[in-house]
Amino acid sequence: MRIGFIGLGNMGGAMSANIVKKHPDRVYVFDIQEEKTHALKRLGARVCANCREIAGVSDLIITMLPRSEHVKSAWEEMLPEMGPGKFGIDMSTIDPDVSVNIADMVKETGAEFADCPVVKSRDAAIAGNLGIFAGCSEETFREIEPILRYMGEQVIHMGENGTGITMKICQNALSHEIQAAVNETLTLAQLNGIDVDTFAKAVSCGGARNYYLESKYRAIRDRDYTVAFPVEYALKDLKICSRLSEKAAFPMPGLELAIGFLEKAVAMGYGKADNCACIEAVRKGTKLEAEAGKRYE
């Protein structure tokens with residue numbers, strides 16, 4: 001099975017590298033920024049000139065792109081090359097209704113389609129141990145699961161088209177609602193004389209223990225916002241969740257609070273910083289506010 005991979009950014013470059021290293025057949029890659037293909041070419045991938053060429057030479061095509069409009073445009077370009085026996089997989093984080101629309105378009109050609117967004121960090125992408133949520137038929141999942149396992153150690157079939165990306169949106173919303181709660185309570189603790197290390201140690205003893213605090217407290221303590229997942233991407237994902245909740249007529253005040261902190265962090269100049277920089281939006285106006293923090297724009 002020949003594989004094509006489109007989108008070699010922060011996550012896609014690492015994910016595609018694992019495919020090139022592990023897959024016995026040909027792997028083709030494309031990115032609008034040609035320099036991003038160089039490392040993959042050195043690993044043995046073949047570089048294509050555009051999305052349509054990728055679809056023409058591949059049996060299974062994966063997209064990993066920033067936004068809904070980019071993903072839709074890529075698949076519209078590839079439709080003439082899709083057909084029976086081919087598989088399309090989108091691993092981007094986009095609006096669920098757009099994902100389902102793309103699935104319908106691709107499946108009309110006779111090809112199969114799955115939404116398979118990922119969770120965890122770039123480090124996990126490099127190590128090949130991402131979490132992956134698959135939205136597709138059971139038959140399609142059986143066909144594509146071996147490929148997904150090149151990139152992830154936890155691969156879960158969520159249900160039909162749209163369920164994978166819906167789960168990713170819910171996951172990101174939950175993560176950032178937890179983040180908002182951590183930031184508020186940590187700030188309160190600091191204002192009352194408890195340092196970050198002691199706070200993290202104490203939280204680990206009880207029911208409030210959480211992965212976000214355990215993985216980020218050192219960065220928060222040191223105000224080291226070296227980017228792993230930027231504030232602006234987190235804000236994009238949570239606004240997708242907000243649209244999803246509006247469509248379901250289900251208000252989510254906790255979500256809106258988290259969005260507010262992200263928006264404030266962007267306004268403060270932290271849009272391209274790691275999303276844990278959101279604590280600066282909570283600290284603002286307190287004695288903990290940084291006098292001259294680094295800006296990441």
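Author: Among contacts in the protein chain between residues at least 6 apart in sequence, 67% join residues at least 24 apart; a contact here means heavy atoms within 4.5 Å. The model is a predicted one, in which local features need pLDDT of at least 70 and side-chain atom pairs count only at pLDDT 80 or more, whereas totals for chains, interfaces and linings use all residues. Residues are numbered from 1 along each chain as its sequence is written, and side-chain values use heavy atoms, with hydrogens and water left out.

The protein chain holds 13 helices and 9 strands; these are DSSP runs numbered from the N terminus, with helices (H or I) of at least four residues and strands (E) of at least two. Its radius of gyration, taken over C-alpha atoms, is 20 Å, close to the 19 Å that the globule rule gives for 297 residues, so the chain is as compact as a globular protein of that length. That rule is 2.2 Å times the number of residues to the power 0.38. Of the 297 residues, 51% are buried, a term that means under 20% relative accessible area, with exposed over 50% and partly exposed in between (1.4 Å probe, protein chains only).

UniProt positions follow the numbering used here, feature names are shortened, and annotations may be inferred rather than shown by experiment. Lys168 is located in helix 8 (residues 163-191). Its relative accessible area is 8%, and Lys168 is therefore buried. Leaving aside residues up to four places away in sequence, Lys168 touches Thr93, Pro117, Val118, Val119 and Phe133.

The unreviewed UniProt entry assigns residues 2-159 to "domain: 6-phosphogluconate dehydrogenase NADP-binding", a span that is 41% helix and 24% strand, with its end C-alpha atoms 26 Å apart. The entry, again unreviewed, gives "domain: 3-hydroxyisobutyrate dehydrogenase-like NAD-binding" at residues 162-281; that span is 70% helix and 0% strand, and its end C-alpha atoms lie 33 Å apart.

Apart from residues up to four places away in sequence, Ser99 touches Ile94, Phe113, Asp115 and Ile165.

Another buried residue is Leu255, with a relative accessible area of 0%, in helix 12 (residues 253-267). Its contacts, not counting residues up to four places away in sequence, are Ala173, Glu177, Leu238, Cys241, Ser242 and Ser245. The C-alpha atoms of Leu255 and Lys86, 169 residues apart along the chain, are separated by 38 Å.

Strand 1 runs parallel to strand 2 (residues 27-30), to which 4 bridges join it; strands pair if DSSP finds at least two bridges between them. From strand 1 the chain crosses through helix 1 (residues 12-22) to strand 2 in a right-handed β-α-β crossover, that is, with the strands pointing away from the viewer, the path from the first strand over the helix to the second runs clockwise. Strand 1 is also joined by 4 bridges to strand 4 (residues 60-63), again in parallel. Ile3 stands opposite Val27 in strand 2, and its bridge partner in strand 4 is Leu60.
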